[in-house]
Structures are given as C-alpha cells and as structure tokens.
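Subject: Structure handover

Hello,

Here is the structure I promised to pass on. Please open it first; my notes on it follow below.

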Amino acid sequence: MQVVQAIGAVKVSNRTSVGIRTLNIKQKVVGMVLRGTKKIYHDDRVTIAEAGDMFLLNEGLHHIEECADNQLFEQILFYITAEELHKHIVTLIQQYQLECFTTHHCRKCQSNNFVVSKPNKSLSEFFSSINNTFNSTNSQIGEHLRQMRTIELVYHILCSEDGCLKNQLLQGADIDRVKFMGCIYDHILKECTVESLAAATHRSPTSFKKEFRRYFHTSPHKWFINQRLQIAHTMLLSTDQTVEQIGNYCCLHNPSHFISRFRERYNMTPKVFRQVARGER
C-alpha cells in the first residue's frame with residue numbers, strides 16, 4: 001500500500017499503463033483525466049473516468065489503475081488538505097456571500113469515498129485554462145498561483161448544481177471528520193480493537209462506535225474485514241505473492257478464515273479468483 005501525502009497542483013503524464021495500486025491518500029484530490037482512462041475499483045465494481053471526466057478522491061484508501069491511450073496517460077491533480085479547503089470556503093462565504101450548503105443525499109455518497117462526474121461548462125473551461133498554464137510552465141505552477149487556482153476550483157464546484165461532487169467537497173471541509181477517518185484508514189493493516197481505535201481517536205468506546213457508524217454506515221468489524229478483503233483482492237490481481245502472504249499482509253492471519261471470508265464475498269477462493277483473472281482456467 002502506497003501512502004500519498006502531497007501538496008500542490010500538478011500535471012502528470014505516464015507513457016505506459018500503471019497496474020492496480022492501493023493508495024492511502026492523506027488529502028483530498030480533485031482532478032481531470034486528459035488522456036487515457038482512470039479505473040477506480042470498489043465494492044467488486046469498477047468506475048471509469050475517461051478523458052474529459054472530473055474525479056474527486058477523498059482522504060482514505062483507493063484502488064486505482066491508470067491506463068494509457070496510445071502510450072500516454074495524462075491527468076491534472078489538485079491536492080487539497082481539509083484545513084486549506086475549510087479556509088477557502090470561509091473566504092468565499094465572507095467575500096462573495098456564497099451559500100455553501102447542499103441538500104444532496106444518495107447511496108453513492110454514503111458508500112463511496114470518491115466521485116467521477118462530467119464537468120459543467122465552467123469547470124471544463126477551468127481545467128482547459130489550467131492545462132494551458134501547465135503546458136507553458138513544464139507541468140508545475142508556483143505556490144501563489146496554485147492558491148489562486150485552487151480557490152477558483154473550489155468556487156466553481158460550489159457554484160455547480162447539487163450533486164455528489166459538491167456534497168463530497170463540502171464534507172471534506174469538516175476537519176474533525178477528516179482527522180477521525182484518517183486515523184481509521186491508518187489502522188487498516190494494523191492489529192486493532194474498538195478500544196485501541198477509540199483511544200487513538202480520543203473517544204470513549206461508545207462514542208467511537210456511534211461516530212464510526214455515522215461516517216462509515218456499518219460496524220467497525222464489518223468495515224475492517226471488507227477493506228482488508230478489498231486489499232487482498234487487489235494484491236491477487238497485481239502481485240505474485242502467495243495467498244498466505246497476502247492474508248498475513250492484510251491481517252487475515254488464519255488461512256482457512258481468510259479463504260472462507262474471501263469466498264463469502266467473491267464467490268470463489270483466492271486461488272481460483274487469481275487463476276480466473278489471469279485466464280488460467
């Protein structure tokens with residue numbers, strides 16, 4: 001699992017397709033695919049961002065594959081911390097009397113920690129403009145310009161119609177929520193209990209379980225099992241490690257328990273799943 005903790009705005013170009021990677025992202029990422037496709041694996045499904053699509057990746061775990069088109073994948077990425085986002089929203093409220101609220105609620109917002117969407121005209125023009133800037137500055141921009149363009153991006157999203165993109169952006173300005181969830185994601189591949197997680201988040205076990213369910217919509221036990229199985233699923237596709245090695249890495253140390261849980265979720269054992277994915281049976 002790769003930890004991503006970056007600052008700034010960048011244009012990224014890859015000449016070859018990058019395999020599936022599990023990323024623990026420490027700050028919100030808002031971007032657009034310029035060329036190729038970006039695949040986001042989640043809950044046994046795949047959501048695809050094509051060229052011209054926007055995406056938002058919240059803090060937390062993401063299983064990503066970036067596929068080149070004619071040997072080139074390109075994207076623009078803005079990395080925004082919860083503190084920076086909160087500051088920008090306050091500035092927009094004070095200076096422009098912007099009404100920063102949303103009534104949007106849907107299953108996708110509850111279950112997914114990302115959004116893929118078609119941009120409206122103002123967002124398309126924004127990314128076209130920033131792409132031109134990157135092309136003239138060797139894919140990097142200075143800090144002052146980055147701050148200006150980031151607040152402009154936040155403004156365009158908040159002025160867009162109610163939907164998943166706006167809703168997820170506003171949720172990301174809740175600093176306490178982001179810190180709580182970040183602590184949980186940091187413990188996915190560690191041995192932990194409700195009591196130890198409660199202590200790590202400075203809450204009582206009862207308060208911790210209530211807050212956990214409010215943010216993740218399930219119990220800690222079920223959520224951790226599902227997240228670890230998703231990581232195992234990705235590793236079976238992207239590595240040559242043995243089933244036992246993958247189980248141990250994912251804190252599923254009992255082989256029979258790991259195989260049983262995997263079969264329960266994916267309707268086949270880890271070994272058979274890997275063989276089917278590789279076209280070996």
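Ala9 stands opposite Phe78 in β9. Strands β2 and β9 run antiparallel and are joined by seven bridges. Two strands count as paired if DSSP finds at least two bridges between them. Strands (E, at least two residues) and helices (H or I, at least four) are DSSP runs, numbered from the N terminus.

Before going on, note that this is a predicted model: local features need pLDDT of at least 70, side-chain atom pairs count only at pLDDT 80 or more, and totals for chains, interfaces and linings use all residues. Residues are numbered from 1 along each chain as its sequence is written, and side-chain values use heavy atoms, with hydrogens and water left out.

The antiparallel sheet

β2 and β9 belong to an open sheet of five strands, in the order β2-β9-β4-β7-β10, with antiparallel pairing. Its edge strands are β2 (8-14) and β10 (114-117), each pairing on one side only. On average, neighbouring strands of this sheet are turned by 15 degrees against each other, direction ignored. Angles here run from 0 to 180 degrees between N-to-C directions, and axes are lines fitted to C-alpha atoms, for helices over the stretch in contact.

Look at β4 (residues 28-35) next. Seven bridges join β4 to β9 (residues 73-80), and the two run antiparallel. Arg35 has Glu74 as its bridge partner in β9. β4 also pairs with β7 (residues 54-57), in the antiparallel sense, over four bridges. There, Val30 has Leu56 as its bridge partner. β4 is mostly covered, with six of its eight residues buried. Buried means under 20% relative accessible area, exposed means over 50%, and partly exposed lies in between (1.4 Å probe, protein chains only).

Helix α5 (residues 164-171) lies across β4, β7 and β10. Helix α5 runs at about 150 degrees to β10.

The mixed sheet

Another open sheet has five strands in the order β1-β3-β8-β5-β6, with mixed pairing. β1 (2-4) and β6 (45-49) are its edge strands, each pairing on one side only. The twist averages 35 degrees from one strand to the next. Within this sheet, β3 (residues 18-25) and β8 (residues 60-67) run antiparallel, joined by six bridges. Asn24 has Leu61 as its bridge partner in β8.

The helices

Helix α8 (residues 205-216) packs against helix α9 (residues 220-238) at an angle of about 50 degrees, with the axes 10 Å apart. That makes α8 oblique to α9. The bands are: under 35 degrees roughly parallel, over 145 roughly antiparallel, 65 to 115 roughly perpendicular, and the rest oblique.

Which residues meet where α8 packs on α9? Phe208, Phe212 and Phe216 in α8 meet Pro220, Trp223 and Phe224 in α9. Contact means heavy atoms within 4.5 Å. By class, this contact has six nonpolar, no polar and no charged residues. Ala, Val, Leu, Ile, Met, Phe, Trp, Tyr, Cys and Pro count as nonpolar; Asp, Glu, Lys and Arg as charged; the others, Gly among them, as polar.

α9 is mostly covered, with 14 of its 19 residues buried.

One last residue

Val243 is found in helix α10 (residues 243-249). Val243 is partly exposed, with a relative accessible area of 25%. Leaving aside neighbours within four places in sequence, Val243 is in contact with Leu236, Phe258, Pro270 and Lys271. The C-alpha atoms of Val243 and Leu34 are separated by 37 Å, and these residues are 209 residues apart along the chain.

Best wishes
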